[in-house]
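I opened my notebook beside the model today and jotted down what I looked up. Here are the entries, in the order I made them.

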Amino acid sequence: MSRGTNLSGGFKIFSSLTKLKAEVKKNDVRLIDLKFTDFLGKWHHLTVPVSSLDKKLFTEGLGFDGSNFAGMKTVELGDLSLVPDLSTGFVDPFSEIPTISFICDIVDAESKKPFPRDPRYIATKATEYMRRTGIADLSLWGPEFEYYIFDEVQLGMSSMNFGYQIVPCEGEGSGGFGLKTKGGYHALPPEDAIAGIRDTTVTLLEAAGIPIKYHHHEVGGHGQVEIEVKFAPMRKMGDIGMTVKYFARMAAFKDGKIATFMPKPLDNEAGNGLHFHQHLFKKGQPLFYSKNGYAGLSKTALHYIAGLLHHAPALLAITNPSTNSYKRLIPGFEAPVNCFFSLGNRSAAIRIPKYASSPEAKRMEFRPPDATCNIYLAMAAQLMAGLDGIKKKMDPTKLGFGPYDVNVFDMDKAQLARIKPLPGTLTQALDALRKDHEFLLEGGVFDKTMVEDWIKLKFDRDVVPMRNRTHPLEVQHYLDC
């Protein structure tokens, strides 16, 4: 790594302010960085000098204007505060000046009550609601983080120049070794030209207290990679997800490259998903396993699957909230386009991993999502859908969701027509959410105004701009008409 990346940065679950101050003095820390997630899922930060480190910072927080962030508050009611979570502290390895970083909760500046649209708080409320139902007391999550690393991305965004050019860091067109399109899965150096960046990224993540399962080159032959972390509860996994994206982008930047989690940056190349592995427990016992069930699944697991698939069209407005999301969800790229479940089938919306066969490991993988989502909201919404399926004892087979343990694209048209498709555009997903969101309102986890604002924001910020701009492909197709 270049530009002075600090490989010695360590994670500290600070049990007290006294121990934090001792760590600050020991390591000559000069700055405290406060990170928070906005409604749409972006990370932001404020930085204070270490002289501001006192009890008041961790009780009353630091004020900021929430009205500057879409979906947070109105201009008249914009005053919020950031309260750092002591347990999330880590030495930021990308800061040239020694800095400890904390992830913050957002609270009302006056009352100090949790801000209803703080994504961390929504994840907390979803977990609390799950416990109140008596169904489970723990949900564990394991996303797969897929992204591309490019040498350069050039953009033209004026009225006369609207387009982009991507310079890949490897594969065809890079001037280096020739990984083929869709031919990068588990590639070995020297063809895998970015193994070193991944090595550094996961080393830094481990030093920051995030246990890594593994990393590898993904299918995309122009610099696609994957990092998998070990399972964690919902809010903790949200924190991990935000940190992984930050570390991945910064590690690439320090090496003079660009990392992107964009779902479909390259035409005819594998897209970036954010597949969510998930399962439930109660009093330490796994709830998704049954020795005699299909694929080792319990009835509870099947009800949960049915809930996810029944609400999937609406869920995608939250788990796949960009117009680019639906460029990825097309046939031929191991991306799901139909609403069914299956054992080991990567074209299914829900895949049951064959290798996860023990009771503790038995789980499902919801494959449609991508990293344009707000990870806290995406997990909370999935949990609410699954719990709705359990509460209503939904049967995935009776609802037409399978299992289908075949390549559905080999089915005849009559058979395939019986399988419900996933939304093909963001507009379709937003329409589905508008019609189907009552399950999200249970227990006050989401509220109706929040859902309405989400739909309006995504429509105004994503659908309309893409609808009103001339696309480069349109120029290519229609210039001679």
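Which strands each supply at least two residues of the lining of the second largest pocket? I had a predicted model to work with, and I found three names to write down: strand E7 (138–157), strand E9 (212–217) and strand E10 (224–229).

**Entry: the pocket.** I noted a volume of about 510 Å³ for the second largest pocket. Its lining is made of 28 residues, and those closest to the centre are Glu-146, Glu-218, Glu-334, Arg-346 and Arg-367. Sorting the lining by class, I got 13 charged, 8 nonpolar and 7 polar residues.

**Entry: two helices.** Next I looked at helix H5 (residues 234–254) and helix H9 (residues 375–391), which pack with their axes 9 Å apart and at an angle of about 145 degrees. I put the crossing of H5 and H9 down as right-handed. From H5, the contact uses Met-234, Arg-235, Met-237, Gly-238, Asp-239, Gly-241 and Met-242. From H9, I listed Ile-375, Tyr-376, Met-379, Ala-380 and Leu-383. By class, the residues of this contact come out as 8 nonpolar, 2 polar and 2 charged.

**Entry: aromatic rings.** I found 16 aromatic pairs in the structure. For Phe-36 and Phe-64, the ring centres are 4.8 Å apart and the planes are at 45 degrees, so I wrote the pair down as tilted. Phe-36 sits in strand E1 (residues 31–37) and Phe-64 in strand E3 (residues 62–65), so this pair ties together parts that are 28 residues apart in sequence.

**Entry: a loop glutamate.** Glu-360 belongs to the loop between strand E16 (348–352) and strand E17 (364–366). Which residues does Glu-360 contact, leaving aside its neighbours within four places in sequence? I noted His-279, Phe-281 and Pro-286. I also checked Phe-288: it is 72 residues from Glu-360 in sequence, yet the C-alpha to C-alpha distance is 8.5 Å.

Entry: A reminder to myself: most peptide bonds are trans, and most residues other than glycine have a negative phi.

- The peptide bond from Pro-189 to Pro-190 is cis, with omega near 10 degrees; Pro-190 is in the loop between strand E8 (162–168) and helix H4 (195–207).
- Gly-402 and Pro-403 are joined by a cis peptide bond with omega about 15 degrees, and Pro-403 is in the loop between H9 and helix H10 (413–417).
- Asp-28 is not a glycine but has a positive phi of about 55 degrees; I located Asp-28 in the loop between helix H1 (17–26) and E1.

Technical notes:
Residues numbered from 1 in each chain as written. Predicted model: local features only at pLDDT ≥ 70, side-chain atom pairs only at ≥ 80, totals over all residues. Heavy atoms only, no water. Helix = DSSP H or I, 4+ residues; strand = E, 2+ residues; numbered from the N terminus. Contact = heavy atoms within 4.5 Å. Axes fitted to C-alpha atoms, helices over the stretch in contact; angles between N-to-C directions. Left-handed = near helix turned anticlockwise from the far one by under 90°. Nonpolar A, V, L, I, M, F, W, Y, C, P; charged D, E, K, R; others polar. 1 Å grid on protein atoms, 1.4 Å probe; cavity = no way out; pocket = protein on both sides within 12 Å on 5 of 7 lines; lining within 4 Å. Points joined across faces, edges and corners; volume = space filled by probe spheres on them. Phe/Tyr/Trp six-rings, centres within 6.5 Å; stacked < 30°, edge-to-face > 60°.
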